[in-house]
Amino acid sequence: MSTHPADTGRAGSVPPADLPVDRTNEAVGLKAYLDGVAAQVKLVPAAWVRCELLTLKPANKFVRMEFVEHDATGKKLAQVNGGCWAGVYRRITEAFAAVGLHLEPGAKVLVKLTSRLDANYGYSVEIEDIDPSYSLGDLKARAEAIRKRLTAAGIWERNRALRRPGDFLRVAVISPSGAAGLGDFRSTVDRLARAALVEFTFIEAPFQTADAAARIVAEMRTLYRAHQASPFCALAIIRGGGAAGDLAYLVDEKLTEAVCKMPMPVMTGIGHERDKNLLDEVACIPLDTPSKVAEHIRTAVVGAAQAADRAFVEIRSQAQLAVAHYDRGITAAETEIGRGVRDSLSAAERTVRGALEGLRPDTRNSLDAARDLVLQAEGVALAAARARRDAACSGLDAARKEIARLAGDHLLAHERQVMRALGAVTAEPPRLLDGVARDVADQLAEVGRSARMGLETAEREIGRVLTLAEAVDPGTVLAAGYTILRNAVGTPLSAASLVAAAPLVRAEMRDGAVLLRPDGPAFNTTGILPAGGPLQETTKP
């Protein structure tokens with residue numbers, strides 16, 4: 001019979017004296033075992049570990065954290081729980097704030113860890129320090145990767161290449177809700193809106209949450225569709241002052257790509273002058289603060305108005321000069337025309353006088369020559385008139401013949417049409433008769449249907465009346481337990497006064513009838529009259 005090594009420690013379990021005692025497999029308690037392992041774990045030196053902060057749960061005394069590592073495909077390789085004391089956490093957060101960063105879940109960190117093993121709580125790590133420069137470097141590396149991808153895609157310079165607007169009529173603005181920078185922006189642009197110089201569309205979106213980039217991109221898609229229907233002059237993306245680490249949420253490839261692809265110029269006013277980010281690099285008009293964006297819009301609108309005023313003044317001046325020039329030209333033209341008219345009249349007068357002087361010696365010869373010419377012209381005109389008359393007569397005869405021929409053709413055509421019409425008329429009666437027959441058949445069928453429906457309705461009504469008649473039939477009433485009172489001649493007595501005044505009353509019931517008198521009932525020899533029997537007075541036996 002063998003003995004389990006654990007039993008060697010029990011009372012009364014003593015190995016035989018002739019066997020050696022092997023103490024290498026002696027059992028120990030769990031705590032003792034874990035304490036031994038913890039002592040070995042404690043000998044492992046602290047190390048700087050690259051990982052990702054998975055969870056962060058600050059508390060007054062101990063701050064709990066979880067760290068995780070993924071491979072290039074996103075598969076989880078390792079995960080561990082840990083934490084640090086409140087004083088260490090305060091020192092770490094101050095170091096991150098000094099470089100403008102926040103320690104938050106999702107951040108890539110370089111953390112100095114010490115291993116711990118507790119018999120009750122298991123394995124964990126204690127955080128001694130976290131290097132903020134590593135997280136800052138990771139953010140810069142992510143931004144550089146976005147630059148390379150968008151540059152390789154050929155869209156990095158797309159929005160920057162758009163023409164800067166010289167004036168603003170419609171501007172869309174994306175800003176966090178209740179941001180101080182939005183208030184500064186509106187203090188300037190609201191005056192332009194009230195004067196109906198610029199129309200602003202304000203859209204609120206978070207800038208400092210994990211889904212900030214996705215929500216801003218969604219709003220930009222909405223503006224893109226609205227721009228197709230009614231174009232915007234520009235899109236302003238503004239955010240008030242804050243920690244530089246807040247800009248980490250905007251280091252996003254989809255958001256940067258959306259700014260590059262916007263069909264309208266994008267203006268940025270995010271943070272302070274020292275807070276540059278990817279959106280500033282790709283925007284058409286990068287400015288430092290929301291106030292500078294508002295001032296840029298105001299300056300452009302005022303400058304455009306001033307340029308328009310200067311242009312108006314210049315146009316008015318040029319118009320006045322042109323009017324004066326044309327006035328002078330018109331006056332000079334009028335003077336020249338008057339001088340020319342007077343000269344022409346004088347020359348014409350001299351010409352007429354010279355002609356008159358030349359006509360006087362040869363007036364008779366000129367008249368004779370004129371008369372000869374008139375006579376010749378008269379002869380020529382008469383000859384031409386006779387020729388035209390002869391030609392007209394010939395044309396008239398030809399027209400008569402052509403009209404006769406055309407009339408014959410038209411008569412033949414009409415005759416053929418009349419024959420076709422007669423054929424159609426002779427063929428029409430059978431078709432008409434067929435149509436009439438079908439109409440009559442349809443009407444007869446309709447009459448039949450109406451008659452059947454009328455009969456069915458009448459049968460239903462007769463059945464209803466018969467049912468009512470059966471319900472009020474005297475036999476049915478008596479069978480239901482009622483009594484019918486009649487006088488001597490068989491007339492029903494429907495009132496108590498009629499019953500009291502009748503010398504004899506016949507009471508008809510379900511199983512027979514009895515005679516009643518005012519002073520009491522009267523029966524026949526059997527006590528009951530046959531139903532419907534003669535009404536006669538009898539004596540009580």
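Select helix α4, residues 180-194, which lies across β6, β7 and β8 and runs at about 155° to β7. Helices (H or I, at least four residues) and strands (E, at least two) are DSSP runs, numbered from the N terminus. Angles run from 0 to 180 degrees between N-to-C directions, with axes being lines fitted to C-alpha atoms, for helices over the stretch in contact; contact means heavy atoms within 4.5 Å. Next, select helix α5, residues 212-229, which packs on the sheet and touches β6, β7 and β8. The direction of α5 makes about 165° with that of β6.

This is a predicted model, in which local features need pLDDT of at least 70 and side-chain atom pairs count only at pLDDT 80 or more, while totals for chains, interfaces and linings use all residues. Residues are numbered from 1 along each chain as its sequence is written, and side-chain values use heavy atoms, with hydrogens and water left out.

Now display the sheet. This open sheet has five strands in the order β7-β6-β8-β9-β10, with parallel pairing; two strands pair if DSSP finds at least two bridges between them. At the edges are β7 (199-204) and β10 (285-287), each of which pairs on one side only. From one strand to the next, the twist averages 15°.

Within the sheet, select residues 170-175 and residues 234-239. These are the parallel strands β6 and β8, joined by four bridges. Valine 173 is the residue opposite alanine 236 of β8.

The phi of alanine 196 is near 60°, a positive value in a residue other than glycine. Is alanine 196 buried or exposed? Alanine 196 is exposed, with a relative accessible area of 68%; buried means under 20% relative accessible area, exposed over 50%, and partly exposed in between (1.4 Å probe, protein chains only).

Finally, select helix α2, residues 86-98. Its 13 residues reach 18 Å from the first C-alpha to the last, close to the 18 Å expected at 1.5 Å a residue; the expected span is 1.5 Å times one less than the number of residues. Ala86, Tyr89, Ile92 and Phe96 of α2 are buried. They lie on the same side of α2 because they cover an arc of only 120° around the axis, the arc being that of the directions from the helix axis to the C-beta atoms. Their cover includes β1 (47-57), β2 (62-70), β3 (76-85), β5 (122-130) and α3 (132-152). On the other side of α2, Glu94 and Ala98 are exposed. Just after α2, glycine 100 has a positive phi of about 80°.
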